[in-house]
Amino acid sequence: MLIITIKQGKEKALLSGDPWIYLSAIDKVDGKPQERNKPGATAIVQTSARRFLARAAYNARSQIAARVWTLREDEPVDHALIKRRVQAAVQARAAALRAADPQALVQLVDGEKDGLPGLLVHGYGGAAGWLVCQFNAAGVDLWKVAVVQALVKATGCANVYERCDVLLRKGEGLGVMARALAGDEPPSRLMVREGRGLKPMDIRSGFVYPK
């Protein structure tokens, strides 16, 4: 297990609810080299006095060196945590999802707000449509399989597509890829509701076709 020691005084932002730990706030990182060099590896974050602060995903390749998973010392970062949080995020938006136009892109997971740093998920077309995911941070990228399994179970939608934000993924030291993670890939052109109108869009990339 990696151990991140925060510089004295830098823990204040974390304790006030900031889920990001910047490289400039870190005093040292202890652990095996292969773990330190593994983007997204889980680390214990502690004060300079060795008091537990958090469990976080560490990424030496990013200016945001660690993203907090939990402030609870008794809460492990595992498949159960990922699935729990995906389920809670979807349930919190269940009413909005039911009320939404099937042609609207509805946000189901909103990263740090849902305790899933770097993960964005939108749904289109209900259970018979598609889920479009963005894994914009190394930590959540490591839990991709668990995320997809939880999304399929929580929504009943069998089609999950990974959308790629090239700049964000490169900034995290992650590979650049866009692909179907489960089921079928969305077609390149769909009509998407925006306000009162419909726009032709490629939901795989967010590209809106000119009129």
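Buried means under 20% relative accessible area, exposed over 50%, and partly exposed in between, worked out with a 1.4 Å probe on protein chains only. These views come from a predicted model, where local features need pLDDT of at least 70, side-chain atom pairs count only at pLDDT 80 or more, and totals for chains, interfaces and linings use all residues. Residues are numbered from 1 along each chain as its sequence is written, and side-chain values use heavy atoms, with hydrogens and water left out.

View A. Rings of Phe, Tyr and Trp (its six-membered ring) pair if their centres lie within 6.5 Å; planes under 30 degrees apart are stacked, over 60 edge-to-face, and the rest tilted. That rule gives 3 aromatic pairs. One of them is Trp-20 with Tyr-22, edge-to-face at 6.3 Å centre to centre and 80° between the planes. For the pair in this view, Phe-207 and Tyr-209, the centres are 5.1 Å apart and the planes 80°. Tyr-209 has a relative accessible area of 22%, so it counts as partly exposed. Phe-207 is partly exposed too, at 42%.

**View B. Two charges sit over rings.** The test here is NZ of Lys or CZ of Arg within 6 Å of the ring centre and within 35 degrees of the ring normal. Arg-189 passes over the face of Tyr-209, 4.6 Å from the ring centre. Lys-144 does likewise for Phe-135, at 5.0 Å.

**View D. Ala-80 and Ala-146 across the chain.** Ala-80 is in helix α3 (residues 79-92), helices being DSSP runs of H or I with at least four residues, numbered from the N terminus. Ala-146 is 66 residues away in sequence, yet the C-alpha atoms are 8.6 Å apart. Ala-80 is partly exposed, with a relative accessible area of 42%.

Key. Helices (H or I, at least four residues) and strands (E, at least two) are DSSP runs, numbered from the N terminus.
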